[in-house]
Amino acid sequence: MTRPRRPAHPTRARILEAAGRELGRDPDSSLTNIAEAAGVVRRTVYAHFAGRSALVEGLATEAAEALRHALATVAAPGPDDAATALRRFVLALWPVGDRYRILLRLAPQDLGAAQVDEILAPARDMATAIIERGQRQGVFHTRIPPAPLGRALEKLLLALLDCVNAGTWSDDGTQSARAALIAVGAEGSAKRVTAGTASPSA
């Protein structure tokens, strides 16, 4: 049996929340600015995080946990329509990506590629499984193998999140789910994705 996870220290959680806001406003925000936004002194930030990289890593850890929780709400591909599974997958993960999209800008300088891969691995595995089923069902195109197609889909969704981050586009996940379905060749299913079906459980 595993021990229950200890709740996060409230001050640490407040610092991380402030860091997400401040870094989202300005990726170059200093630890002093983040401390002020969290209502603590700079020394308190250092009591929980050794520096900027550790703070970003804390955000990445939160993002990884949120990602795992979101994936747990998406049923693994079964005999049902893979297009529906892919739509639910995108809609479930979009709020996580939207909340932690600042990591798209910070990851290259503050996180190593190996850690980014570790965070995204569960989502990649599920995307590959959904695409495999869709190809077997004949609803997704088969010109590209599941794993490479899943990585291409990941790049597409991250690019759309980056557009949201830059303020050039807004989406609740519905249009991104439609784009994902088009990318895998399920144009007919994409046409049925509307604002009225934006719930992952729909």
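1. The secondary structure here comes to 10 helices and zero strands, and the model is a predicted one. Reading along the sequence, you get α-α-α-α-α-α-α-α-α-α. The chain has 202 residues, and 41% of them count as buried. Take the contacts between residues at least 6 apart in sequence: 69% of those join residues at least 24 apart.

2. Let's start with the helix pairs, and with α5 against α7. Their axes are 8 Å apart and the packing angle is about 160°. That angle is over 145°, so α5 runs roughly antiparallel to α7. From α5, the contact draws on Ala 82, Ala 85, Leu 86, Phe 89 and Leu 93. α7 brings Ala 123, Met 126, Ala 127, Ile 130, Arg 133, Gly 134 and Gln 137. Sorted by class, the contact residues are nine nonpolar, two polar and one charged. As for handedness, α5 passes α7 in a left-handed crossing.

3. Next, α5 against α8. How are these two helices oriented relative to each other? Helix α5 covers residues 82–99, and it packs on α8 at about 40° with the axes 11 Å apart. The pair is therefore oblique, and the crossing is right-handed. On the α5 side you'll find Leu 86, Val 90, Trp 94, Gly 97 and Asp 98. They meet Leu 153, Leu 157, Leu 160, Leu 161 and Val 164 of α8. The class count for this contact is eight nonpolar, one polar and one charged.

4. Then α8 against α9, where α9 is residues 174–183. The axes come within 10 Å and cross at roughly 150°, so α8 is roughly antiparallel to α9. Leu 149, Leu 153, Leu 156, Leu 157 and Leu 160 make the α8 side of the contact. Facing them on α9 are Ser 176, Ala 179, Ala 180 and Ala 183. By class that gives eight nonpolar, one polar and no charged residues. This crossing is right-handed.

5. His 141 sits in the loop between α7 (113–137) and α8 (146–166). Is His 141 buried or exposed? Its relative accessibility is 15%, and the cut-off for buried is under 20%, so His 141 counts as buried. The side chain gets to the backbone oxygen of Ala 183 at 3.3 Å. Setting aside residues up to four places away in sequence, His 141 touches Gln 135, Leu 149, Ala 183, Val 184 and Gly 185.

6. Ile 102 is another loop residue, placed between α5 and α6 (103–110). At 6% relative accessible area, Ile 102 is buried. Beyond its neighbours up to four places away in sequence, Ile 102 touches Leu 23, Gly 24 and Pro 27. Have a look at Glu 22 too: it is 80 residues from Ile 102 along the chain, with the two C-alpha atoms separated by 9.9 Å.

7. Arg 12 belongs to helix α1 (residues 10–25). With a relative accessible area of 29%, Arg 12 is partly exposed. Which residues does Arg 12 contact, leaving aside neighbours within four places in sequence? They are His 48, Phe 49 and Gly 58. For His 48 there is also an atom pair to look at: the Arg 12 side chain reaches the backbone oxygen of His 48 at 3.5 Å. Val 45 is 33 residues away along the chain, and its C-alpha atom is 7.9 Å from that of Arg 12.

8. Last one: Arg 136, which is found in helix α7. Arg 136 is exposed, at 59% relative accessible area. Arg 136 and Ala 82 are 54 residues apart in sequence and 9.4 Å apart from C-alpha to C-alpha.

Definitions and conventions:
Residues numbered from 1 in each chain as written. Predicted model: local features only at pLDDT ≥ 70, side-chain atom pairs only at ≥ 80, totals over all residues. Heavy atoms only, no water. Helix = DSSP H or I, 4+ residues; strand = E, 2+ residues; numbered from the N terminus. Buried < 20%, exposed > 50% of the residue type's maximum accessible area, 1.4 Å probe, protein only. Polar contact = N/O pair within 3.5 Å; in protein donor to acceptor, adjacent residues only side chain to side chain. Contact = heavy atoms within 4.5 Å. Axes fitted to C-alpha atoms, helices over the stretch in contact; angles between N-to-C directions. Parallel < 35°, antiparallel > 145°, perpendicular 65-115°, else oblique. Left-handed = near helix turned anticlockwise from the far one by under 90°. Nonpolar A, V, L, I, M, F, W, Y, C, P; charged D, E, K, R; others polar.
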